[in-house]
Amino acid sequence: MKANDALNDARDRDTAALRARALEAVQQGDIARAENHYLQLLESAPADVEALQFVAAGHFARGDAMRAVAMLLVAQQAKPDDPGILHQLGAAQSAAGDWRG
């Protein structure tokens with residue numbers, strides 16, 4: 001079990017470091033770099049709500065509403081009653097022409 005615990009600790013540190021780098025990039029106004037860090041974070045934590053929302057917002061802004069919807073549906077599974085996720089998801093579904101939700 002100790003090897004497994006060490007692996008989980010290392011993954012948690014990597015996740016925290018990527019999140020910190022993403023937030024720093026946002027504060028510096030470098031959205032592309034922030035998105036890259038969040039994408040890296042999603043490789044090890046595919047249900048990370050903060051990363052999913054940020055990357056989905058980028059897809060939505062670039063006109064890829066369907067991809068944004070797919071990511072936000074994953075985020076919604078983790079936090080089904082989160083108003084921010086529900087708002088983003090509704091906007092993306094509307095833009096994608098999905099009026100049924």
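A nonpolar core is here a set of buried Ala, Val, Leu, Ile, Met, Phe, Trp, Tyr and Cys residues joined through side-chain atoms within 4.5 Å. The model is a predicted one. Its largest nonpolar core has 19 residues, and Y38, L41, L42 and M71 are the members that touch the most others. Two or more residues come to this core from each of α1 (2–27), α2 (31–44), α3 (49–61), α4 (65–78) and α5 (83–95). In soluble globular proteins, nonpolar side chains tend to be buried together.

At the start of α3, a side-chain oxygen of D48 comes to within 3.3 Å of the backbone nitrogen of E50. The helix has 13 residues, which at 1.5 Å a residue should span 18 Å; the end C-alpha atoms are 18 Å apart, so the two values agree. V49, A51, L52, Q53, V55, A56, G58 and H59 are the buried residues of α3, and they pack against α2, α4 and α5. After α3 comes G63, with a positive phi near 90 degrees.

Beyond its neighbours within four places in sequence, Y38 contacts A22, L23, E50, A51, F54 and V55. One aromatic pair is present in the structure. Its members are Y38 and F54, with ring centres 4.9 Å apart and planes at 40 degrees, so the pair counts as tilted. The pair links distant parts of the chain, since Y38 lies in helix α2 and F54 in helix α3, 16 residues apart.

Are the two partners buried or exposed? Y38 counts as buried because its relative accessibility is 2%. F54, with a relative accessible area of 21%, is partly exposed, because buried means under 20%.

Note on methods:
Residues are numbered from 1 along each chain as its sequence is written. This is a predicted model: local features need pLDDT of at least 70, side-chain atom pairs count only at pLDDT 80 or more; totals for chains, interfaces and linings use all residues. Side-chain values use heavy atoms; hydrogens and water are left out. Buried means under 20% relative accessible area, exposed over 50%, partly exposed in between (1.4 Å probe, protein chains only). Helices (H or I, at least four residues) and strands (E, at least two) are DSSP runs, numbered from the N terminus. Contact means heavy atoms within 4.5 Å. The expected span of a helix is 1.5 Å times one less than its number of residues. A polar contact is a pair of N or O atoms within 3.5 Å; within protein, one must be able to donate a hydrogen and the other to accept it, and residues adjacent in sequence count only if both atoms are side-chain atoms. Rings of Phe, Tyr and Trp (its six-membered ring) pair if their centres lie within 6.5 Å; planes under 30 degrees apart count as stacked, over 60 as edge-to-face and the rest as tilted.
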